[in-house]
Structures are given as structure tokens and as C-alpha cells.
Amino acid sequence: EYDLTRRLAVVTGGAAGIGRAISEVLAEAGATVVVVDRDEAAAMSLAERLEGQALPLDVTDAEAAEAAAADLVARHGAPDILVNNAGIVMNAPSLEVDLADWRRVLDVNLHGVFHTSRAFGRHMVAAGKGAVVNISSICGEVTVHPQPQAAYNAAKAGVNLLTKSLAVEWAGKVRVNAVAPGYTATELTLLGRSKPEWFNTWITGTPMGRLAEPREIALAVAFLASDAASYVTGIVLTVDGGYTA
Ligand code: NAD
């Protein structure tokens with residue numbers, strides 16, 4: 001049931017970080033992976049290594065997502081698996097946050113998930129099969145002090161209920177679940193806009209005492225994407241080393 005041979009898997013933000021690990025793990029399980037990313041060069045080099053395909057796309061562009069999905073389906077049929085992983089982080093106190101930044105976080109992390117869910121999902125629903133896995137965050141359930149990230153929290157909470165809504169709408173055809181990672185060692189946490197002192201908060205706040213490796217998140221995604229999860233829909237699977245326990 002864990003085998004993904006002959007499955008077509010689309011992974012957004014699939015060229016780096018958690019998305020790259022997801023692309024790798026799904027390919028190892030036998031799937032043909034379509035690496036969707038706004039970073040075309042990174043998507044192409046990973047797709048070549050995994051013997052999959054690259055699909056350059058910015059998930060904030062709903063029309064481009066529809067066109068890309070229609071084109072993929074015309075060539076290869078409806079995907080079996082869609083992983084909505086593309087996401088960004090911006091931290092700013094709510095009284096100071098630039099509205100353009102607020103909107104950008106919602107646009108990528110929430111609207112982007114809706115755009116690609118709808119674009120690829122319409123073909124999966126029509127085919128009557130498949131699994132969608134959305135990458136949420138523990139930040140969709142709890143705040144993580146002292147980081148001010150209301151936009152990120154609101155977007156990820158939105159992803160959790162979007163997941164449940166689509167699971168109910170598409171029940172019996174397409175399963176829809178989410179994975180909520182805790183702090184994971186990627187560009188986003190290690191290099192991005194994260195302050196060094198926040199690392200200590202994450203590590204001391206995590207009972208397991210370390211960040212997740214991207215592969216540990218990807219393995220949970222592979223489970224939800226596989227037939228091993230055939231009766232699982234509408235859940236948010238937390239993978240956080242005990243952070244929210
Ligand atoms: P990352 O920055 O390492 O990689 C993100 C990838 O998404 C990149 O390849 C980037 O080019 C792509 N991307 C970004 N915006 C895009 C867009 N508009 N269209 C298409 N592609 C786009 O990030 P990551 O740490 O791997 O995070 C991946 C997901 O996991 C995000 O949804 C993030 O919110 C979530 N997450 C991360 C952590 C963590 O600690 N790293 C924790 C919880 C949840």
C-alpha cells in the first residue's frame with residue numbers, strides 16, 4: 001500500500017527544502033514527480049535527477065495554474081497526488097506590518113494552495129481518484145513566541161480548514177489531508193528571516209530537542225499520499241517532535 005509505482009505526483013515548491021525532500025521521497029516510492037516551482041532552474045535540475053518533469057509556475061497566478069494543469073493532464077492524464085507545499089515566511093508585528101507583505105503571505109500560503117488545489121483538483125475529481133496533501137504548519141494551530149507572524153499564522157490556519165472543506169466536498173473521490181511540520185531545517189528557517197535567538201526557543205520548546213529533517217516531514221506526506229491512508233481524509237497530521245504536545 002505504500003508503493004507509488006505508476007503514480008503521477010505534482011509537488012509545488014518542490015525544488016527546495018521540505019518540497020525537495022517530498023519530491024525525492026515520492027520518487028523513491030516509485031512515483032513520477034512533477035516539480036512545480038517559481039525557481040525554474042532548480043526545478044529543472046531536480047526533475048532531471050529524479051527522472052521526472054519540471055513545471056515552472058508561481059502559485060499566486062491562478063490562471064497560469066489552470067493552464068499548467070490542463071497542459072499536464074493533456075499529456076499525462078490527471079495526477080494521482082498533489083502536494084501543496086510552496087510557502088514563504090515574513091515576520092513583522094501586526095501594528096507595523098507592511099500591507100503588501102501581509103497580502104503576499106496570504107497570497108502564496110493560502111490563495112496559492114487554493115489555486116493549485118482547484119486547477120489540478122478538478123481533473124482529479126473528474127478522474128474520481130487521488131490524494132491532496134497540503135503543507136501547513138504548527139503555526140496554523142498555535143502561536144510561537146516571540147515571533148510576530150500573524151499573517152503566516154492566519155494563512156496556515158486557513159490551510160487547515162481549507163483542507164477539511166475540500167476533504168468533505170471531494171469525499172469518495174479525492175482524499176485531502178494536511179501535514180503540519182514543526183521547525184524543520186531548511187533555507188526558510190536556517191537562512192531566511194529568522195533571528196538566531198529564535199533557534200533556542202524552537203529547540204528548548206521541542207521535547208525531542210532538535211529541528212526536524214525535511215525527510216521526516218516528507219515520509220508523513222508519502223503516507224497520506226499512498227493507499228496506506230485509504231480511509232484518512234480531512235486530517236491535519238502534526239509532525240513536530242512534540243512541540244504542540
Ligand atoms: P524553502 O524556502 O526552503 O522552500 C520553498 C520552495 O517553494 C522554494 O523552492 C521556492 O522557490 C518555492 N516557492 C516559494 N514561493 C513560491 C511560489 N509563489 N510559487 C511557486 N513556488 C514557490 O521553504 P521550506 O522550509 O521548505 O517550506 C516549505 C513549506 O513548509 C512551506 O509551506 C512552509 O510554510 C512549510 N513549513 C516549513 C517549516 C520549516 O520549519 N521550514 C515549518 C512548518 C511549515
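This is a predicted model: local features need pLDDT of at least 70, side-chain atom pairs count only at pLDDT 80 or more; totals for chains, interfaces and linings use all residues.
Local features need pLDDT of at least 70 and side-chain atom pairs count only at pLDDT 80 or more, while totals for chains, interfaces and linings use all residues. Residues are numbered from 1 along each chain as its sequence is written, and side-chain values use heavy atoms, with hydrogens and water left out.

**View 1. Helix α3 packs on helix α4.** Here α3 (residues 62-76) and α4 (residues 99-127) sit with their axes 8 Å apart, at an angle of about 25°. Helices are DSSP runs of H or I, at least four residues, numbered from the N terminus; axes are lines fitted to C-alpha atoms over the stretch in contact, and angles run from 0 to 180 degrees between N-to-C directions. The pair is therefore roughly parallel (angles under 35 degrees). The crossing is right-handed, meaning the near helix is turned clockwise from the far one by less than a right angle. In contact (heavy atoms within 4.5 Å) are residues including Ala62, Glu66 and Val73 of α3 and His115, Phe120 and His123 of α4. By class, the contact of α3 with α4 splits into 8 nonpolar, 3 polar and 3 charged residues. Nonpolar covers Ala, Val, Leu, Ile, Met, Phe, Trp, Tyr, Cys and Pro; charged covers Asp, Glu, Lys and Arg; the others, Gly among them, are polar.

**View 2. The other partner shown for α4 is helix α5.** The axes of α4 and α5 (residues 150-169) come within 8 Å and cross at roughly 15°, so α4 is roughly parallel to α5. This crossing, too, is right-handed. Among the residues in the contact are Trp102, Leu106 and Phe114 of α4, with Tyr152, Lys156 and Leu166 of α5. The tally for α4 with α5 is 14 nonpolar, 3 polar and 1 charged.

**View 3. Helix α1 crosses helix α8.** For α1 (residues 17-28) and α8 (residues 214-225), the axes come within 8 Å and the angle is roughly 50°. The crossing is right-handed. Gly17, Ile18 and Glu28 of α1 are among the contact residues, as are Pro214, Arg215 and Ala222 of α8. The contact of α1 with α8 has 11 nonpolar, 1 polar and 2 charged residues.

**View 4. Residues surround the ligand.** Now for some polar contacts, pairs of N or O atoms within 3.5 Å. A backbone N or O atom of Ile18 is 2.7 Å from a ligand oxygen atom. The side chain of Asp37 places an N or O atom 2.6 Å from an oxygen atom of the ligand. Val59 has a backbone N or O atom 3.0 Å from a ligand nitrogen atom.

Technical notes:
Helices (H or I, at least four residues) and strands (E, at least two) are DSSP runs, numbered from the N terminus. Angles under 35 degrees count as roughly parallel, over 145 as roughly antiparallel, 65 to 115 as roughly perpendicular and the rest as oblique. A residue is near a molecule or strand if one of its heavy atoms lies within 4 Å of it. A polar contact is a pair of N or O atoms within 3.5 Å; within protein, one must be able to donate a hydrogen and the other to accept it, and residues adjacent in sequence count only if both atoms are side-chain atoms.
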